[in-house]
Amino acid sequence: MLRSGSNACVAGWKKACMSNVTRGISRAAIQGRHASSTLHIAKRTLHSTSCARSLSAALKPSDNNKSSSNAAIEVHDLPISRIDDRKVVIGFNTGEWARYHHIWLRDHCRCPECFHSITKQRLVNTFDIPKDVKPVKVESKADGLEVHWPSSKPHTSFYPWSWLRHNSYDPPLKKPEGTKKILWGSKIVQSPPSVPYTDVVAEDDKGLYKWLSNVDKFGFSFVSGVPATTEATEELAKRIGFIRETQYGKFWDFTSDLAKGDTAYTTLALGAHTDNTYFTDPCGLQLFHLLSHTEGTGGQTLLVDGFYVASLLKELHPTAYEILSRVGVPAHAAGEPDSLYTPTPQASYPVLRHALSGELVQVRWNNDDRSVMNGLKPDELEEWYDAVRLWHNLLTSADSEFWVQLSPGTAVVVDNHRVLHGRSAFTGKRRMCGAYIGVDEYKSKLAVLQERFSPDPITLDTADSSYNGRSVWHPAL
């Protein structure tokens, strides 16, 4: 049976929203939206008698409150909505149209009976929904679409306009751009992203947000003024999330003594590379802090924006770009006698990994850790070597390389899915510490900070639907 309830669903939804005040949840957001939230509740009681009806007529104020109402609101026409054979059609007041399948709408009801407002988990049983489910009525309200479903007990769903537009798929309407990646080359040396340590560790989290926003935009960011101790550096890493433990330990504190079977534990130069190509899921962030370097020279740090180099390769050598986006490269970590790491499945991960949308989302390259290329077809082997040579030439060009001499007190965090790092050879005694942080922990922390300091339009529009500080209509849900 389809999970259902009475028309009290909508009333219950409104009541649950208002309970935010007693819970003290999202008070600042709700107080900031007091006027608009009050207007939303008033608007929800109105019924549109015509799809093209103007909201100004429906909300015409009395003489007593006309001036205050006009000052508080800006009136727009309602979007048009109608029921088609298999879809609900919506004409937004921007002049754009979108269609939503009936089963999709029913499956995404966020009323208290269908969606748990605290845990943000689904309660509706998708497989109890009849495949031919069809609304009996749809109504365009000021703040969203109200849909009435057939059932032994009538069930009503509500969907905010901003949420419907964001999740449109037939056709997908243009969404507001998220954080724009800033590609860079060697000239970044003139003004590299950096945040003071005191800001990053401040309790208000504003400096932490700036730090991680820098990483999101540039793929790396320095932190200046860090105490040159392992304790301070470890706490700095934990500001982002859980430290990821690997065969090298949890938090590293190492010198060039080959205590671990990896060339990082030597004085040799390291070419530009990403770490953990031998893992199925390479770490997301890598934090470095040079604690000391005595009795020697060298050891400059190298950073290269893999997304920038990939953009050059795509423009100059599209065939090579396609090959490196398609051919999997095997890798291994075999320097420790009690461990042998290879990704699962082996040779399945290309140098350039893309999302289904076609967006480049990961660079995965470490020629030193590469295993035998025995999966190539005979007619593509030379093409792969030609492509990877072009990739290497762009990686190592003076235009791409950003060299910096780290010193005690300056830490750097690198997005290991985008920025390649390396170092020059050195002499003397060099002590380095740092840690890995998982990509999911990093993305989670950034998302939470964005909710606080730069909320998306849907979160702002649905602040009166927040529970535990998060709207049930959050774009990530």
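## Cysteines

A disulfide is a pair of cysteine sulfur atoms within 2.5 Å. By that rule, this predicted model holds zero disulfides. Take Cys109: the closest cysteine sulfur, in Cys111, is 3.7 Å from its own, too far for a bond. Cys109 is also buried, with a relative accessible area of 2%, where buried means under 20% relative accessible area with a 1.4 Å probe, protein chains only. Cys283 counts as buried too, at 0%.

## Strand E15

Let's move on to E15 (301–305); strands here are DSSP runs of E with at least two residues, and helices are runs of H or I with at least four, numbered from the N terminus. Five of the five residues of E15 are buried, so the strand is largely enclosed by the rest of the structure. Thr301, Leu303 and Asp305 cover one side, while Leu302 and Val304 lie on the other.

E15 has two antiparallel partners to look at. Three bridges join E15 to E18 (residues 402–404), with Leu303 opposite Phe402. Five bridges pair E15 with E20, where Thr301 has Arg423 as its bridge partner. Pairing requires at least two DSSP bridges between the strands.

## Helix H12

Asp305 caps the N-terminal end of H12, placing a side-chain oxygen 3.1 Å from the backbone nitrogen of Phe307. Within H12 (residues 306–316), the buried residues include Phe307, Tyr308 and Leu312. The buried residues of H12 pack against several elements, among them E15, H13 and H14.

## Notes on the model

Residues are numbered from 1 along each chain as its sequence is written, and side-chain values use heavy atoms, leaving out hydrogens and water. In this predicted model, local features need pLDDT of at least 70 and side-chain atom pairs count only at pLDDT 80 or more, while totals for chains, interfaces and linings use all residues.

Terms used
Buried means under 20% relative accessible area, exposed over 50%, partly exposed in between (1.4 Å probe, protein chains only). Contact means heavy atoms within 4.5 Å. A polar contact is a pair of N or O atoms within 3.5 Å; within protein, one must be able to donate a hydrogen and the other to accept it, and residues adjacent in sequence count only if both atoms are side-chain atoms.
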